[in-house]
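Subject: Structure for you to look at

Hi there,

Here is the structure I promised to pass on. Please open it alongside this message, and you will find my notes just below.

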Amino acid sequence: MNDSELKQRRPQADAASNADPEIATTRAARPSARSNNNRLAWWAIVARITITMLGLSICMSYLITETAFWGHSSKWTNWRNYIPRQKRVFTQLELAKHDGSNPGLPLLLAIEGDVYDVSSGWGFYGPGSSYHLFAGHDASRAFGTNCLSRKDHVTHDTRGLSEKELAGIKGWHRYFDNHQQYVKLGVVQLSPIDPAAPIPPPCEDAKPRPK
Ligand code: HEM
């Protein structure tokens with residue numbers, strides 16, 4: 001077959017294969033399948049390098065600081081926070097049962113309506129300890145007023161508090177939210193505050209927490 005014959009035949013062959021939709025599809029798909037494979041291989045390499053680096057970093061951190069993340073601790077370094085769980089809605093009565101009087105139940109407290117499991121802080125919140133008043137309640141007011149001695153401050157009623165006191169509550173809320181050991185379990189349904197009810201009077205022996 002000479003050159004001129006070849007030139008005449010090629011377009012015919014191409015036209016035939018383009019006319020067959022199956023061949024055309026396979027041809028069109030081939031380059032993208034290859035690039036998909038390349039992308040997958042690339043991700044596998046990146047994932048392997050990342051996992052190796054992370055493993056090395058954890059080992060080095062344990063050797064040097066005896067902690068997994070170079071001394072850093074927050075809720076993100078607590079594996080319990082990675083367990084997907086449905087947020088529970090507690091009633092105030094249910095929450096009250098978790099004040100440590102039943103050692104078989106987890107120790108819970110609430111702040112601004114969010115409920116935290118503080119069982120690992122039994123020494124702080126368990127019966128007979130300094131901060132037991134917070135256990136089993138939403139005592140946002142006491143967190144804001146630094147009042148550890150009065151029952152009427154063990155309430156979610158924050159009416160009449162100053163900007164500074166409200167900021168104090170927010171600060172404690174962040175504290176519990178970012179705590180490495182404590183886990184947020186859900187929320188508590190708080191009873192509405194009667195606007196006609198008297199505002200708890202200020203606490204004379206409030207003791208700000210030392211810095
Ligand atoms: C004379 C005043 C106070 C002193 C000397 C004091 C001292 C302490 C100490 C030494 C700790 C343990 C160490 C720590 O985790 O930082 C602690 C924990 C704590 N304090 Fe105080 N405190 C005082 C007032 C207060 C007040 C007014 C509040 C409430 C608003 C408060 C709430 C807490 C809480 C909730 C914890 C436990 C933190 C946790 O669960 O990790 N403290 N306090």
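**What I found**

Of the 211 residues in the protein, 18% count as buried. Please keep in mind that this is a predicted model. The average pLDDT over the protein is 86, and 85% of the residues score at least 70. The stretch to watch is residues 9-17, where the pLDDT is below 50. Beyond near neighbours in sequence, residues 9-17 have one contact in the model. Where pLDDT is low, the predicted coordinates should not be read in detail.

**Overall layout**

The protein contains six helices and four strands, and along the sequence they follow the pattern α-α-β-α-β-β-α-α-α-β. Among contacts with a separation of 6 or more, 60% are between residues 24 or more positions apart.

The UniProt record (an unreviewed entry) places a "transmembrane region" at residues 40-64. In the model, the span 40-64 is 100% helix and 0% strand, and its end C-alpha atoms lie 36 Å apart.

**The core**

The largest nonpolar core has 24 residues, and the ones with the most contacts inside it are L108, L109, V115, Y116 and V118. At least two residues of this core come from each of β2 (108-111), β3 (114-117), α5 (140-145), α6 (163-178) and β4 (183-189). Strand β2 supplies the largest share, four residues.

Leaving out residues up to four places away in sequence, V115 touches F90, L95, L108, A110, K184, L185, G186, V187 and V188.

**Around the ligand**

Which residues are around the ligand? They are G121, F124, Y131, F143, N146, L148, K207, P208, R209 and P210. Sorted by class, this shell has six nonpolar, two polar and two charged residues.

N146, one of the residues around the ligand, has another feature to look at. Its phi is positive, at about 60°, although N146 is not a glycine. N146 sits in the loop between α5 and α6. Is N146 buried, exposed or partly exposed? N146 counts as partly exposed because it has 15 C-beta neighbours inside 10 Å, and a buried residue would need 20 or more.

**Two more residues to check**

E112 also has a positive phi, near 50°, and is a residue other than glycine. E112 is placed in the loop between β2 and β3. With 19 C-beta neighbours inside 10 Å, E112 counts as partly exposed, since the cut-off for buried is 20 or more.

Q92 belongs to helix α3 (residues 92-96). The C-alpha atoms of Q92 and Q189 are separated by 6.5 Å, although these two residues are 97 residues apart along the chain. Setting aside its neighbours within four places in sequence, Q92 is in contact with V188, L190 and S191. Q92 is partly exposed, because 15 other C-beta atoms lie within 10 Å. V188, one of the contacts of Q92, is also among the residues that V115 touches.

Happy to talk any of this through once you have had a look.

Best wishes

Key
Residues are numbered from 1 along each chain as its sequence is written. This is a predicted model: local features need pLDDT of at least 70, side-chain atom pairs count only at pLDDT 80 or more; totals for chains, interfaces and linings use all residues. pLDDT is the predictor's confidence in each residue, from 0 to 100. Two residues are in contact if their C-beta atoms, placed from the backbone, lie within 7 Å. A residue is near a molecule or strand if its C-beta atom, placed from the backbone, lies within 6 Å of it. Ala, Val, Leu, Ile, Met, Phe, Trp, Tyr, Cys and Pro count as nonpolar, Asp, Glu, Lys and Arg as charged, and the others, Gly among them, as polar. A nonpolar core is a set of buried Ala, Val, Leu, Ile, Met, Phe, Trp, Tyr and Cys residues joined through C-beta atoms within 7 Å. A residue is buried if 20 or more other C-beta atoms lie within 10 Å of its own, exposed if 12 or fewer, and partly exposed in between; C-beta atoms are placed from the backbone. UniProt positions are given in the numbering used here, feature names are shortened, and annotations may be inferred rather than shown by experiment.
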